[in-house]
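This report goes through a single protein model, from its sheet to its cores and a few individual residues. The sequence and the coordinates come first.

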Amino acid sequence: MALRHAVLAALLDGEYSGYQLAKAFDIGVANFWHALPQQLYAELAKLEKEGLVSGRQVVQETRPNKRLFQVTDAGRAELEAFAEAAAKPSFIRDDLLVKVQTADRIGTAPVIRQLEERASAAEAKIALLGSLLRQLRGEADEEDFLLRGERIGPYLTCLRGLAFEQEHRSWCLRIATVLRERQSTHAER
């Protein structure tokens, strides 16, 4: 998947400025695709040049003017073609895993600390995603929303993000405990 598809997907929910798109990415799309604001602005410019999004200037009296972007018919066709293409298998690429792999050779204290930091960061994301899920479904319970909700795509990706963060937190805490116990066992010898 390219950043272009994530941007087009985010713009399906409405007309956004680059700033609003960055905020939308932080809340929803970041569960499965990370991008810096400057990357989003550059991608919007490319997509507009290719005719996949259209932008319009909005004049504001008390603030600088802004551009709002929306998906064009060509952009929707691009997303439809992307949706039909076979998905590539996902893979893990994480520097913390390299550190864990070497922990019994180079020392565990810094790795334990980083595992606990990651678990704490995952806990914060779990809270954020839980709040976002409640916001997306409103007064509906989850099963009713999943069956009858108007737009469930963002909800489904948030569910995946939540499951990922919950598992990641559990794994980090477990591995930190294992390394700590091994450290104390080796200290007793």
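Which residue in β3 does Gly55 stand opposite? Gly55 faces Phe69 in β3.

The model is predicted, so local features need pLDDT of at least 70 and side-chain atom pairs count only at pLDDT 80 or more, while totals for chains, interfaces and linings use all residues. Residues are numbered from 1 along each chain as its sequence is written, and side-chain values use heavy atoms, with hydrogens and water left out.

**Sheet**

Three strands make up an open sheet, ordered β1-β3-β2, with antiparallel pairing. Strands here are DSSP runs of E of at least two residues, and helices are runs of H or I of at least four, numbered from the N terminus. Two strands pair if DSSP finds at least two bridges between them. The edge strands, each pairing on one side only, are β1 (16–17) and β2 (53–58). Strand β3 covers residues 66–71 and pairs with β2 over six bridges, whereas β1 is joined to β3 by two bridges.

| Residue | Opposite residue in β3 |
|---|---|
| Gly55 | Phe69 |

Helix α3 (residues 37–49) lies across β2 and β3 and runs at about 110° to β2. That angle is taken between the N-to-C directions, on a scale from 0 to 180 degrees, of axes fitted to C-alpha atoms, for helices over the stretch in contact.

**Nonpolar cores**

A nonpolar core is a set of buried Ala, Val, Leu, Ile, Met, Phe, Trp, Tyr and Cys residues joined through side-chain atoms within 4.5 Å. Buried means under 20% relative accessible area, exposed over 50%, and partly exposed in between, with a 1.4 Å probe and protein chains only. The largest core has 20 residues, of which Val7, Leu8, Leu11, Leu21, Phe25 and Leu40 touch the most other members. Two or more residues come from each of α1, α2 (18–27), α3 and β3; α1 gives the largest share, six residues. Leu21 is in contact (heavy atoms within 4.5 Å) with Val7, Ala10, Leu11, Tyr16, Leu40 and Leu44, leaving aside its neighbours within four places in sequence. Apart from this core lies another, of eleven residues, including Leu96, Val100, Ile112 and Leu115.

**Individual residues**

His5 is part of helix α1 (residues 3–11) and counts as buried because its relative accessibility is 10%. Its side chain makes a polar contact of 2.9 Å with that of Glu78. Such a contact is a pair of N or O atoms within 3.5 Å; within protein, one must be able to donate a hydrogen and the other to accept it, and residues adjacent in sequence count only if both atoms are side-chain atoms. Beyond four places in sequence, His5 is in contact with Glu78, Leu79 and Phe82.

Trp171 lies in helix α8 and, at 25% relative accessibility, counts as partly exposed. Trp171 is in contact with Leu97, Val100 and Leu115, leaving aside its neighbours within four places in sequence. Arg118 is 53 residues from Trp171 in sequence and 10.0 Å away in space, C-alpha to C-alpha.
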